[in-house]
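Hi everyone, thanks for coming.

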Amino acid sequence: MKKSTKTVALIATLCLLVSGLTITVSMKRAIQTEEPAVIVATYKVGSSGSTVKTIQQKLKNWGYYTGAVDGIYGSKTRAAVVYFQRKNGLTADGIVGNKTLAALGMKTGSSTGGTTGGSFSSSDVYLLAKIIHAEARGESYTGQVAVGAVILNRVKNPSFPNTISGVVYQKGAFTAVSDGQINLAPNASSQRAAQDAINGWDPTYGCLYYYNPAVATSKWIYSRPVVVTIGEHVFCK
């Protein structure tokens, strides 16, 4: 009976040890497989680091920020973020979360929906840069992104072809295609503008058309409701 009792006790002890090991391994696996992408990164007053510096630089490049690019999120950075958020239809809370990061053309911790860089091939991005360069190389950077945004808005609209190439080469859609300027090599600014548009920045607020009133001759285009004017281009729906 004593041997039997010892055997039972030994088996019970081994079971506990195995059970504990299983729980420990399971916990380690759970920790190792936890998806960090579900964590929403936010940057606000008091934040600092390289990401804040990138935010400041982008806002400065686009005319929203005039302070030092020092990686310190202070009151001037917050004011610039609020200005940018208002201009891009975002919640103007001065906090850079995933949606604002996407609008800035920066990677986010989780999906924000809409058009992303992963939706298009490198050749699509290059073609978008070419049409931006051909149509808006004399415009401000925001104006260049705006032209790219119109192309992408058409891709998403059922009234237009559902690919970038289909929209760009739709008959009579763009003067730059008709006169051959589409064949010019895009510069660095146009390529950045294409990527920013793909990442979700839309200075036109969803417009499908734009024109230069100094040269436009179509009576129909003047009948479209105007949303915003950026440089020489009028953007409308």
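**A quick tour of the chain**

Okay, so of the 237 residues of the protein chain, 38% count as buried, where buried means under 20% relative accessible area, exposed over 50% and partly exposed in between, using a 1.4 Å probe and protein chains only. Before going on: this is a predicted model, where local features need pLDDT of at least 70 and side-chain atom pairs count only at pLDDT 80 or more, while totals for chains, interfaces and linings use all residues. Residues are numbered from 1 along each chain as its sequence is written, and side-chain values use heavy atoms, with hydrogens and water left out.

What is the chain built from? It has nine helices and three strands; these are DSSP runs, H or I of at least four residues for helices and E of at least two for strands, numbered from the N terminus. Along the sequence the pattern reads α-α-α-α-α-α-α-α-α-β-β-β.

Now let's look at a pair of helices. The axes of α6 (residues 141–156) and α9 (residues 188–198) come within 8 Å and cross at roughly 50°. Those axes are lines fitted to C-alpha atoms over the stretch in contact, with angles from 0 to 180 degrees between N-to-C directions. The two helices are therefore oblique to each other: under 35 degrees would be roughly parallel, over 145 roughly antiparallel, 65 to 115 roughly perpendicular, and the rest is oblique.

Who touches whom? Contact means heavy atoms within 4.5 Å. On the α6 side we have Y141, Q144, V145, G148, A149 and L152, and on the α9 side S189, S190, R192, A193, D196, A197 and I198.

Keep D196 in mind. The structure holds one salt bridge, that is, a side-chain nitrogen of Lys or Arg within 4 Å of a carboxyl oxygen of Asp or Glu. The side chains of D196 and K58 form it, at 3.9 Å, N to O. The partners are 138 residues apart, with D196 in α9 and K58 in helix α2 (residues 50–61). Are they buried or exposed? D196 is buried, at 4% relative accessibility, and K58 is buried too, at 18%.

Last stop: H233, in strand β3 (residues 233–236). H233 is buried, with a relative accessible area of 7%. Leaving aside neighbours within four places in sequence, H233 contacts E135, A136, E139, V147, Y210, Y211, N212 and V228. The C-alpha atoms of H233 and A146 are separated by 9.4 Å, and those residues are 87 apart along the chain.
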